[in-house]
Amino acid sequence: MNSPQTKNRIELTKVCKSFALPAGSFQALKEINLTIPSGQLVAITGKSGSGKSTLLNMIAGIDKPTNGHVVVNGVQVEKLSESSLATWRGKNIGVVFQFFQLLPTLTILENVMLPMDFCNSYPKSVRRERALSLLELVNIREQADKLPATLSGGQQQRAAIARALANDPPILIADEPTGNLDSQTATSIFELFASLTKSGKTVIIVTHEKDFSAYFENVVALADGAILN
Amino acid sequence: MPTRFYKVLRDLLSDPAKSWMLIVSIALGVFGIGTILGSYSVIQREMKDNYMNTVPASATIEVDSAISQELVDSIKSIQGIAEAERHASVVARMKVGEKWYPLLLFVIDDFEKKRTNKYEWISGVPYPALGSMLVERTAYGMMQAKEGDELLIKIANGIPQKIKLTGTVHDAGLAPAWQEQSGYGYISLASLHSLGVTQGFDQLRILVSEHNDSKTHIQEYAQKVANVLSSKGYEVHEIQVPPPGKHPHQGQMTTVMRIFIVFSFLILILGSILVATSISTIMVKQIRQIGVMKTIGANSTQIATLYFLMIVMVSTIALLMAVPLSRLAASSFNNQLAVLLNIEIRNSFIPNWVPLLQVVAGILIPILITSLPIVRGSRISVKKALDNTGVNPNSLNKNQWVIKFSQLSFLSEVTRLSIRNVFRQQARLLMTLGLLAAGGAMFMTAMNVAQAWNENLKLIYVQRLYDLEVRLNEPIDADSIVAKLKKLNGVATVEAWNYTSTSFSKNSKFEITRTYPDKGHGSFSMQAVPIGTSVLNPSVVEGTWLQSPMAREVVLNQSSRGSWQIGDSVKLTIDGNSIAWKIIGFTVDVGSPALAYVSFDAFGEVTKRPKKSKMLRIGYFDRSKQSAYAKNKEVESLLEKEKVAINTTIPVWLLHNAIAGHMKILINTLLAMAVLMALVGTLGLMSTMSMNILERTREIGTMRAIGATPATINKLIILEGMLIGSLSLIISFVLSLALSSYMGNKIGHLAFRTPLSLSISLTGVAIWIAIILIGSYIATWYPAKRANRITTREALAHE
């Protein structure tokens, strides 16, 4: 049982990540020590190749550190098997991608219901209603029965956020979620993320957008795989 | 229904052309299996039932003179004998148009109470009156007559007489008349006598009351009966014990059907490989989706289940289409086989295990074959899946030879790129090559075997340097007739031979053969050949041909050689006497039953009838069928004029037709299967190529952005398809040689008891090359067109 202080907390201790490339080894993360308390909207910033996405992948269990530990909500992520990770991630981490990555042959509603199906997290009878209420939350309920390709980029990203929230994960991570959107839509997306933190969720966003710094409670600046601030 | 299942369903519906291709690929195999197994199960059952319904005699004992009814009754009373019946069969000739054909006459003792080798009466009079006969239904075609017509027939040295065809029967124990190129008739003894033959019932057919499926038991009782006949003063010529309970064509049909079964399973396996290739391609295309699904909580098992479910859905639709269609096809195939076997399909019910097996095979085989790409694809890590760009960046690094080869100075840049593109997705390339190579190999095998079959048939003319065989009623001193025949215009050569039925002496008192009542199937003959014969070109495969006129030496053909070795002494029966011969050689004859060749002079000495001949073999300068018709007529007229009684005449073209007729359906079905193989193979190439192009849409956009024209893109893509097709050609050709050798061996043994020689059908190779090249072109033309149609911006934005 996690204490209130450690609940949903993210702790990275001496996390290193290196990749073997034909030209030699490349160190993407260098001894990262980072603690993110729950309920914050945190930005990870940095130039291209600074290690932002790698850091995000460590937190989501998408990639494993070469050295060091990643503890999320009391669970040492790198120790989980690929299969346990999938289930754990489904229930604890909501992921939002830059290019939305909605499944093209499923409707928006079905896309949102899919995580509940995979993780068997809600009874079948309530999944549809929950998905609709999430679409309501992100203001695209009327688009529920449409296929992703018929929606605008902003609407697709809202749908992706609804999908990320499907299993009610305490942590949301988003890799440049507004990188493919106009500034007006981007603002609305950031507002949505900010509103989610009010309900206690931790939101970590990799972004280049400096115009939205007001939304962030914490900014982790990376350069050459190390935290600057 | 769980949400994830919607994804499977929609993925299938989103590309109907692709989904239909998957369905058709499996359906073809399931259809093949259902048709062949459905047919096999019904034919095996019906062939046995038809044959057993004729109550085939356990044994037939041939004696030298007429058997009385009292004797038959006394034989019936022997314990262990359930039935006894006297019978006679006479080889006559019938005139059809201007030609004489063999006519096998069965002389029936009691038409009303026939007890063995029964036939089924169909129409006309059931019991033929004096001067009339019943006809087996398949013989009307040979006779070019119908019920109620008259037929001119001639028996031995009797004069030709007309006989009325008053009734029709179906005798399931006989091969179709057109296949044997002979007529079948059923007459009374009185009618036989009216045709000028004094012969009585010289055969006794018996039915054992127990163990009627045991050859040993039957032989034991047949010998008991033969002993009784012998003790009553009869000379027993031969005991005929055909394989118990087996239709004359049962072994042949079983082997043929087994070959078909193997082929139909191969089609299903090919179809499944195609499905595996396609599924693997779909997974590569959906690799990011797999990554996303894993990110939102799906584990590898759930992902694999999705794609297995896709296979099950595809298979289920394929089964729904193929199972009913295969039942219709099996029924149609059965009708053809029934004609071929001269049987009646009384119960066309296909046993439930057939559709059950179709369901199991149609689902399990595709699942098994696709399991590798599915399991591998579903176990990909999230990071790899999300980072995937559609191409393995390391694949070319591992194959430096590809890079080096493509750098040859005479190759253009486009050719270079095409060569490298071929090897980018190596696992898929291997699957596609495997699919095409297997399809091509089987296609070419079918064509090769068909050609080898035809070439082997031609050997009939190569080995037989005569065109007409005349079997005489009585042994004659043939010198003068041979001289007269030689003077006929167009006659190249004439030889006087001798022959008799024989068997391997097994220390039993009587000669036991495996001959069926039609006298052809299962027979074993001895042919007495003049040394230095010029009408036979034997293919001696071991030892030597006959050289010494008076030596007791024998050459056996492949159907009689068994496990004998050169130098062995073998005892062969001649007219009931067991004579020892030394084996000096083995031949391979095309289209002969079991034969033992001995010297004409040695045979004369053994039979104490030196210089006597019962067979004339006549060769013509012009060996064409048309010319042979006319010459045969002249020969027969001369023999009639010289009062030489002809038992039967066998033109070599007739023998050729009879053998070709036996296996025609096998060759045709093999070719039909080859077409199915070609279809599956081409579908495979089209599927792979279109997927190869689709996943490189973005790359094509990049090339367009840096200046590639649509023509260049077209050339690049089409060349890639052609390269894959050409690679598969080499593999399939090599594979086809091995497969052709195997199939030729099987089919050759079935038909000729010797393997078919390996023959490469250039037509087959040319057709397959054309299929591959045209298929590659079509398979790449459309995706190339589609790739060129989308704008550079769209292509670059393609995920």
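Axes here are lines fitted to C-alpha atoms, for helices over the stretch in contact, and angles run from 0 to 180 degrees between N-to-C directions. Helices (H or I, at least four residues) and strands (E, at least two) are DSSP runs, numbered from the N terminus.

This is a predicted model, in which local features need pLDDT of at least 70, side-chain atom pairs count only at pLDDT 80 or more, and totals for chains, interfaces and linings use all residues. Residues are numbered from 1 along each chain as its sequence is written, while chains are lettered from A and ligands numbered from 1 in the order in which they are written.

**Confidence**

The predictor assigns the complex an ipTM of 0.85 and a pTM of 0.74. Within chain B, strand β5 (residues 132-136) has the highest confidence, at 95, and helix α23 (residues 792-797) the lowest, at a mean of 58. Where pLDDT is low, the predicted coordinates should not be read in detail.

**Contact between the chains**

Chain A contributes 25 residues and chain B 24 residues to the contact, two residues being in contact if their C-beta atoms, placed from the backbone, lie within 7 Å. On the side of chain A that touches chain B, the elements giving two or more residues are α2 (82-92) and α3 (108-119) of chain A. That side of chain A comprises eleven nonpolar, seven polar and seven charged residues. In this classification Ala, Val, Leu, Ile, Met, Phe, Trp, Tyr, Cys and Pro count as nonpolar, Asp, Glu, Lys and Arg as charged, and the others, Gly among them, as polar.

**Domains of chain B**

Domain bounds come from an automatic or database domain assignment. For chain B this assignment gives domain 1 (1-52 + 246-386), domain 2 (59-240), domain 3 (389-461 + 662-799) and domain 4 (468-622). Domain 3 of chain B gives six residues and domain 4 of chain B five residues to the contact between them. Helix α15 (residues 426-463) of chain B gives the most to the domain 3 side, with three residues.

**Helix pairs**

Two packed helices are described by the angle between their axes and the distance between the axes.

| Helix pair | Axes come within | Crossing angle |
|---|---|---|
| α2 (residues 16-53) and α11 (residues 353-378) of chain B | 9 Å | roughly 150° |
| α3(A) and α5 (residues 153-164) of chain A | 8 Å | roughly 25° |
| α15(B) and α21 (residues 710-752) of chain B | 5 Å | roughly 40° |

Angles under 35 degrees count as roughly parallel, over 145 as roughly antiparallel, 65 to 115 as roughly perpendicular and the rest as oblique. The contact of α15(B) with α21(B) has 20 nonpolar, twelve polar and no charged residues.

Helices α3(A) and α5(A) are therefore roughly parallel to each other, and their crossing is right-handed. A crossing is left-handed if the near helix is turned anticlockwise from the far one by less than a right angle, and right-handed if clockwise. From α3(A), A:I108, A:N111, A:V112 and A:P115 make the contact with A:A159, A:A162 and A:R163 of α5(A).

Helices α2(B) and α11(B) are roughly antiparallel to each other, with a right-handed crossing. Among the residues of α2(B) that meet α11(B) are B:I26, B:V30 and B:I33, and the α11(B) residues include B:V354 and B:L357. This contact of α2(B) with α11(B) has eight nonpolar, five polar and no charged residues.

Key. pLDDT = per-residue confidence, 0-100.
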